[in-house]
Amino acid sequence: MKVVEVLHMNGGDGDISYANNSLVQRKVILMTKPITDQAISDLYCSLFPETLCIADLGCSSGANTFLVVSELVKKHNLQSPEYYFRFNDLPGNDFNTIFRSLGEFEQNLKKQIGEGLGPCFFSGVAGSFYTRLFPSKSLHFVHSSYSLMWLSQVS
């Protein structure tokens with residue numbers, strides 16, 4: 001059996017779920033925040049896009065998924081574009097946990113940013129990032145915080 005077919009996290013929000021056992025991954029996201037902030041700021045200031053399409057490869061589920069999204073949205077103080085977030089992970093990912101949490105996440109984000117927040121759109125893209133997942137020229141920014149180390153593990 002191929003690694004990409006069996007490699008996955010525990011979904012949901014129970015005691016052994018990824019959502020409740022991913023503090024190391026959260027720490028890495030926060031450690032790399034200055035680099036991500038600079039990259040998204042440079043991108044926005046060079047393009048001034050009306051719509052900003054961002055993919056998170058190996059997005060997981062739970063709070064870390066939304067930490068990445070909220071940090072990318074909060075980065076700039078200029079007019080907010082429309083945001084289109086494409087969450088990617090292997091088909092075994094618990095995308096349902098992500099989508100059930102979107103309403104509360106958007107409400108919290110609007111409280112933090114205010115009425116200047118542009119519309120946010122979300123989709124899940126199940127599949128391995130070893131294959132092509134998105135059409136040409138459809139993404140402005142691709143983020144992957146804790147999944148690329150598996151590149152050497154898949155045959």
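Among contacts in the protein between residues at least 6 apart in sequence, what percentage join residues at least 24 apart? The share is 81%, where contact means heavy atoms within 4.5 Å.

**View 1. Overall fold of the predicted model.** This is a predicted model, in which local features need pLDDT of at least 70 and side-chain atom pairs count only at pLDDT 80 or more, whereas totals for chains, interfaces and linings use all residues. Residues are numbered from 1 along each chain as its sequence is written, and side-chain values use heavy atoms, with hydrogens and water left out. The protein has 5 helices and 4 strands, taken as DSSP runs numbered from the N terminus (helices H or I, at least four residues; strands E, at least two), and from that terminus the order is α-α-α-β-α-β-α-β-β. Of its 155 residues, 42% are buried, meaning under 20% relative accessible area with a 1.4 Å probe and protein chains only.

**View 2. The largest nonpolar core.** This core, a set of buried Ala, Val, Leu, Ile, Met, Phe, Trp, Tyr and Cys residues joined through side-chain atoms within 4.5 Å, has 24 residues, and Phe85, Phe87 and Phe122 have the most contacts inside it. Among the elements that each supply at least two of its residues are strand 2 (82-89) and strand 3 (120-126), while helix 4 gives the largest share, 6 residues.

**View 3. Surroundings of Phe85.** Setting aside neighbours within four places in sequence, Phe85 is in contact with Ile54, Val69, Leu72, Val73, Phe121, Phe122 and Ser123.

**View 4. Ser70 in helix 4****.** Ser70 counts as buried because its relative accessibility is 9%; beyond neighbours within four places in sequence, Ser70 is in contact with Phe105 and Leu109.

Definitions and conventions. Buried < 20%, exposed > 50% of the residue type's maximum accessible area, 1.4 Å probe, protein only.
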